[in-house]
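Hi,

Here is the structure I promised to pass on to you. Please open it next to this email, and then read on for what turned up in it.

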Amino acid sequence: MQEPGARHAGTHAFAEGGVRAFLALWNDFDPGRDEEYNRWHTYEHVPERLSIPGFLSGVRYWAPERDQDRYFTLYDLESLAVLGGPDYTRLVRRPSDWSARMRPSFRAFSRHPCRTLAELGTDRKSTRLNS
């Protein structure tokens with residue numbers, strides 16, 4: 001997988017005591033809208049998520065050689081409770097006009113909220129045990 005600059009958003013940061021949860025997402029997108037998808041994801045979607053208290057960082061990877069699951073996004077969270085909080089719920093239930101236009105073009109969307117059980121290391125090369 002590549003981490004191209006134009007398709008990478010956010011930075012990886014560790015909260016005091018380590019990241020306690022994360023949200024892992026795999027998806028494809030309508031190839032005819034791929035350029036717009038990348039603009040939307042970089043300039044609206046990720047910044048919206050990272051503005052929510054409890055979203056610590058976000059990074060997206062792209063595997064152009066694959067036919068499926070070409071995109072992988074990872075958000076580090078303070079806890080899984082962030083995903084049920086009012087700020088996140090509001091974004092999901094009341095998307096912007098641009099987000100609402102993008103939603104029908106998602107393909108093979110897979111969303112996995114995970115609790116971090118253990119973590120070794122101090123940067124992206126850390127090892128995680130997840131549930």
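Thr 42 sits in helix H1. In this predicted model, is Thr 42 buried or exposed? Its relative accessible area is 17%, and because buried means under 20%, Thr 42 counts as buried.

If you set aside the neighbours within four places in sequence, Glu 48 is in contact with Leu 91, Ser 96 and Ser 99.

Now have a look at the strands. Strand E3 has seven residues, and seven of the seven are buried, so E3 is largely enclosed by the rest of the structure. Tyr 71, Thr 73, Tyr 75 and Leu 77 point one way from E3, while Phe 72, Leu 74 and Asp 76 point the other way.

Which strands are joined to E3 by bridges? One is E1, which runs antiparallel to E3 and is joined to it by seven bridges. Here you can find Leu 23 standing opposite Tyr 75 of E3. Another is strand E2, residues 55-62, also antiparallel to E3 and linked to it by seven bridges. In that pairing, Ser 57 stands opposite Asp 76 of E3.

Next comes the nonpolar core. The largest one has 12 residues, among them Ala 21, Leu 23, Val 46, Phe 55, Tyr 75 and Leu 91. Strand E1 (21-29), strand E3 (71-77) and helix H2 (86-93) are the elements that give two or more residues to this core. Which element provides the largest share? That is E1, with three residues. A second, separate core has seven residues, including Ala 24, Phe 72, Leu 74 and Cys 114. As a general point, nonpolar side chains tend to be buried together in soluble globular proteins.

Apart from neighbours within four places in sequence, Ala 21 is in contact with Tyr 75, Asp 76, Leu 77, Ser 79, Leu 80, Cys 114, Arg 115 and Thr 116.

Enjoy exploring!

Best wishes

Methods
Residues numbered from 1 in each chain as written. Predicted model: local features only at pLDDT ≥ 70, side-chain atom pairs only at ≥ 80, totals over all residues. Heavy atoms only, no water. Core = buried A, V, L, I, M, F, W, Y, C linked by side-chain atoms within 4.5 Å. Buried < 20%, exposed > 50% of the residue type's maximum accessible area, 1.4 Å probe, protein only. Helix = DSSP H or I, 4+ residues; strand = E, 2+ residues; numbered from the N terminus. Contact = heavy atoms within 4.5 Å. Pairing = 2+ DSSP bridges.
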